[in-house]
Amino acid sequence: MKITRKLTWFVLAGIALTFLSSCSNQNDLADGYGNFDAHAEVIVSSQTMGELQRFNVEEGTHLKAGEVVGLVDTTQLHLKKMVLETQKKAVASKLENINASIAVQQQKLKINETNQRRIQNLFRHNAATQKQLDDINGLVELNKKEIKATQTQKKNIYTQLKSIDAQIAEINESIQQSLITNPVDGTVLVKYAQKGELAVPGKALYKIANLKTLELRAYISGSQLSHIKIGQKVHVYYDKNKKDNYETEGTVMWISSQAEFTPKTIQTKQERVNLVYAVKIKVSNANGALKIGMPGEFRVTPPKK
């Protein structure tokens, strides 16, 4: 009987320990596992086509927003600009000739108007004939029409000058776009081109992201889906050593609307399920401790200590 009682006690103790261990393991389980990735990556490309004459970009370097990091060949653009500036000078010289012609015509008009007033006075005193009056009146009207016609030519010259100025402005804009300007403050992740290569609009030159904020792309099972919402604060963990983790706060920013098969790269502490939902959790990385590709996990409720 004593041996039987002792055996029964050992069995019950073993069951209790197994149960407690199971509960401890359950508390240690995370709600989702995944890897950290860059948040809001930007792929930078050239806006014009040409040879990359300068390209100061290296993977891992930090670039500021607005920093000029490269230059596409602008030789052809500068040649076109020189041609247009020569045309503008030629058209402007025509304008000077027209202004000189208008000045001469206005002087003639002034003289003829003086003669017109004189003949009108003589005509009122019967000292001039009707023909003389008609001739001078016709000459004054002719001078006015000549000035008006010449001024019309002047308007056409102004139109040509505006057109040339617009073309020059367009080329200046293209020259400005030939500068490769970094759009955001961040770290270069991937460099796709080298100095001397042909840059084409839309062809990627490099990829950059601000690593002060990363995102944990994790996967959860369908049974966990109802416990997670967009905008929800969660506890994010990443490895400190083999036993312990660092803890930080994250915000759920995206939840997939469709299930997918568990990626092979995701290793969980629990039995893998066939279908999971992807979630993205934004995490601050101001201290730079997190790195792209690092494994991580999150919990909606932190484990009991």
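The largest nonpolar core of this predicted model has 18 residues. Those with the most contacts inside this core are Phe36, Leu216, Val236, Val279, Ile281, Leu290 and Phe298. Strand 10 (213–220), strand 11 (233–239), strand 12 (245–255) and strand 14 (275–284) each supply at least two of its residues. A second, separate core of 15 residues includes Leu84, Val91, Leu161 and Ile168.

**Terms and basis**
- A nonpolar core joins buried Ala, Val, Leu, Ile, Met, Phe, Trp, Tyr and Cys residues through side-chain atoms within 4.5 Å.
- Buried means under 20% relative accessible area, exposed over 50%, and partly exposed in between (1.4 Å probe, protein chains only).
- Helices (H or I, at least four residues) and strands (E, at least two) are DSSP runs, numbered from the N terminus.
- Local features need pLDDT of at least 70 and side-chain atom pairs pLDDT 80 or more, while totals for chains, interfaces and linings use all residues.
- Residues are numbered from 1 along each chain as its sequence is written, and side-chain values use heavy atoms, without hydrogens or water.

**Overall make-up**
- The chain has 3 helices and 15 strands.
- Of its 305 residues, 30% count as buried.

**Helix 2**
- An α-helix has 3.6 residues a turn, so residues three or four places apart point the same way.
- Asn126 follows helix 2 and has a positive phi, near 60 degrees.

**Aromatic pairs**
- The structure holds 3 aromatic pairs. Rings of Phe, Tyr and Trp (its six-membered ring) pair if their centres lie within 6.5 Å; planes under 30 degrees apart count as stacked, over 60 as edge-to-face and the rest as tilted.
- Phe36 and Tyr238 pair edge-to-face, at 6.4 Å centre to centre and 85 degrees between planes.
- Phe36 lies in strand 1 (residues 32–38) and Tyr238 in strand 11, 202 residues apart. Both are buried.
- Phe55 and Tyr206 have ring centres 6.2 Å apart and planes at 50 degrees, so this pair is tilted.
- Phe55 is in strand 3 (residues 50–55) and Tyr206 in strand 9 (residues 204–209), so the pair ties together parts 151 residues apart in sequence.
- Ring pairs link Phe36, Tyr238 and Tyr246 into a cluster.
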